[in-house]
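Thanks for coming, everyone. I have one model to walk through today. Please take a look at it first.

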Amino acid sequence: MMKGRDEHQIRRLLDAAHRGMTQAFGTPERDRYQIVHQHEPHEMVIEDTGLGIERSRDIVVISIVSRERPQAQKLALYEALADELEAVGVPCNDLVVSLTTNNLADWSFGLGRAQFITGELETRPALTADNAS
Amino acid sequence: MMKGRDEHQIRRLLDAAHRGMTQAFGTPERDRYQIVHQHEPHEMVIEDTGLGIERSRDIVVISIVSRERPQAQKLALYEALADELEAVGVPCNDLVVSLTTNNLADWSFGLGRAQFITGELETRPALTADNAS
Amino acid sequence: MMKGRDEHQIRRLLDAAHRGMTQAFGTPERDRYQIVHQHEPHEMVIEDTGLGIERSRDIVVISIVSRERPQAQKLALYEALADELEAVGVPCNDLVVSLTTNNLADWSFGLGRAQFITGELETRPALTADNAS
């Protein structure tokens with residue numbers, strides 16, 4: 001995001017984004033790993049691929065790394081994020097979301113262990129290429 | 001990149017990188033989503049995998065998230081970025097590019113919608129594992 | 001990471017992370033591309049997915065982009081990073097690691113070339129979907 005929000009506004013925005021994630025993906029409450037980068041306006045050039053969407057200084061770009069999810073969950077995520085962020089003052093024309101997916105073995109949440117592989121974290125059945133997108 | 005470029009130089013660099021992208025990938029003019037991170041020199045350690053490429057304080061690391069592209073487009077991208085950035089003062093030994101690919105459902109450009117899925121954005125035929133790399 | 005470490009401490013941490021990578025992945029000594037982002041405490045919300053792992057201001061989140069690796073190498077990486085970082089003062093409860101994988105054609109280390117494709121860099125046999133994870 002661009003600089004200008006205070007600590008309290010940033011926390012509300014992070015809480016909103018987290019609600020959107022947990023709603024759409026059904027992830028545990030404490031499955032939360034958020035890092036904010038604040039930029040000068042000239043460090044962000046965010047256009048619209050010709051969609052006619054206007055951007056302002058409120059622009060928020062959310063880059064999410066997650067294991068693969070069904071397409072329906074992804075579409076639900078974009079809606080949930082737009083709703084939740086709108087409620088804390090980010091209009092839906094100022095929200096861009098990009099997902100990158102990885103695998104269960106690609107996460108270590110601490111202690112040098114891959115908790116999805118060790119069985120410490122429950123995993124739902126792996127998605128196949130067919131029901132993922 | 002490292003700190004030291006002014007606002008005007010940064011804009012020229014972003015314009016150059018965007019020209020490289022549109023040339024190599026054939027993306028629309030306003031398909032442009034760029035974020036700059038400026039660092040202290042001690043925050044960047046960029047070596048060369050033994051290739052004998054010298055780095056300087058002009059070093060630029062470009063990390064691109066894009067849906068999958070044919071290998072030929074990727075190779076064209078590296079050449080185009082090197083040419084365009086050289087023209088604005090970044091020597092080709094100071095350019096590192098890394099691609100990460102995702103899928104059509106992994107993008108929402110605003111309004112809570114996944115525009116590649118809704119049909120609002122035109123998509124070329126999906127790449128198969130065979131013609132992608 | 002959060003702000004607070006000095007230049008010397010950051011270098012020791014980067015050296016430790018690099019040792020972990022080379023040990024686990026068997027990569028060349030100069031296969032080293034590291035960028036540090038320092039944050040205010042309110043810019044990082046790092047929880048634990050319910051694992052009961054306590055976090056402190058020493059928290060370090062390492063996001064790695066790499067070509068695909070066998071699962072055994074990934075597990076070895078998390079252990080090696082935890083060991084190496086613990087040795088320089090980052091307790092293993094304050095380390096989160098996330099991998100994102102890409103392909104040989106997704107890297108240009110300079111000069112506008114994709115060195116894994118041109119043959120300038122040696123590559124081990126490509127991983128198949130079966131032995132990768």
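One caveat before anything else. This is a predicted model.

Start with how the copies relate. Take chain C and rotate it by 120 degrees, with 0.0 Å of shift along the axis. It superposes on chain B with an RMSD of 0.0 Å. That is the relation of a three-fold axis. Which residue of chain C has its C-alpha nearest the axis? It is C:Thr100, at 4.6 Å.

Next, the interface of chain A and chain C. On the chain A side, 33 residues are in contact, and they meet 31 residues of chain C. The two chains bury about 2800 Å² between them. Carbon and sulfur atoms account for 57% of that. On the polar side, there are 17 residue pairs in polar contact, both residues at pLDDT 80 or more. Which elements of chain A give two or more residues to the side that touches chain C? They are α1 (7-25), β1 (33-35), β4 (95-102), β5 (107-108) and α3 (115-118). α1(A) gives the most, with four residues. By class, that side of chain A divides into 14 nonpolar, 10 polar and nine charged residues.

There are also three salt bridges across chain A and chain C. One I'd point to is A:Arg30 with C:Glu47. The closest N and O atoms of that pair are 3.9 Å apart.

Now chain C against chain B. Here 33 residues of chain C are in contact with 31 residues of chain B. The buried area is about 2800 Å², and carbon and sulfur atoms give 58% of it. Which residues of chain C lose the most area to chain B? C:Arg30, C:Asp106 and C:Leu111, which together make up 20% of what that side buries.

The rule finds three salt bridges across this interface. B:Asp48 forms a salt bridge with C:Arg30, with 2.8 Å between the closest N and O atoms. On the side of chain C that touches chain B, at least two residues each come from α1, β1 (33-35), β4 (95-102), β5 (107-108) and α3 (115-118) of chain C. α1(C) gives the most, with four residues. The classes on that side are 14 nonpolar, 10 polar and nine charged.

On to the salt bridges as a set. How many are there over all chains? The count comes to 27.

First example: A:Glu47 and B:Arg30, with the closest N and O atoms 3.9 Å apart. A:Glu47 sits in the loop between β2 (44-46) and β3 (60-67) of chain A, and B:Arg30 in the loop between α1 (7-25) and β1 (33-35) of chain B, so this pair joins two chains. A:Glu47 is buried, at 15% relative accessibility. B:Arg30 is partly exposed, at 39%.

Buried or exposed? B:Asp106 is buried, at 0% relative accessibility. A:Lys74 is buried too, at 0%. Beyond its sequence neighbours within four places, B:Asp106 is in contact with A:Lys74, A:Tyr78, A:Val97, A:Ser98 and A:Leu99.

C:Asp15 forms a salt bridge with C:Arg11, the closest N and O atoms being 3.2 Å apart. They are four residues apart in helix α1 (residues 7-25) of chain C, so about one helical turn separates them. Both C:Asp15, at 24% relative accessibility, and C:Arg11, at 39%, count as partly exposed. In chain A, salt bridges that share partners join A:Arg11, A:Asp15 and A:Arg32 into one network.

That's the tour. Happy to take questions.

Terms used:
Residues are numbered from 1 along each chain as its sequence is written. Chains are lettered from A and ligands numbered from 1 in the order in which they are written. This is a predicted model: local features need pLDDT of at least 70, side-chain atom pairs count only at pLDDT 80 or more; totals for chains, interfaces and linings use all residues. Side-chain values use heavy atoms; hydrogens and water are left out. Copies are superposed by least squares on the C-alpha atoms of residues with pLDDT of at least 70 in both. Contact means heavy atoms within 4.5 Å. Buried area is the accessible area (1.4 Å probe) that two parts lose on being put together, summed over both. A salt bridge is a side-chain nitrogen of Lys or Arg within 4 Å of a carboxyl oxygen of Asp or Glu. A polar contact is a pair of N or O atoms within 3.5 Å; within protein, one must be able to donate a hydrogen and the other to accept it, and residues adjacent in sequence count only if both atoms are side-chain atoms. Ala, Val, Leu, Ile, Met, Phe, Trp, Tyr, Cys and Pro count as nonpolar, Asp, Glu, Lys and Arg as charged, and the others, Gly among them, as polar. Buried means under 20% relative accessible area, exposed over 50%, partly exposed in between (1.4 Å probe, protein chains only).
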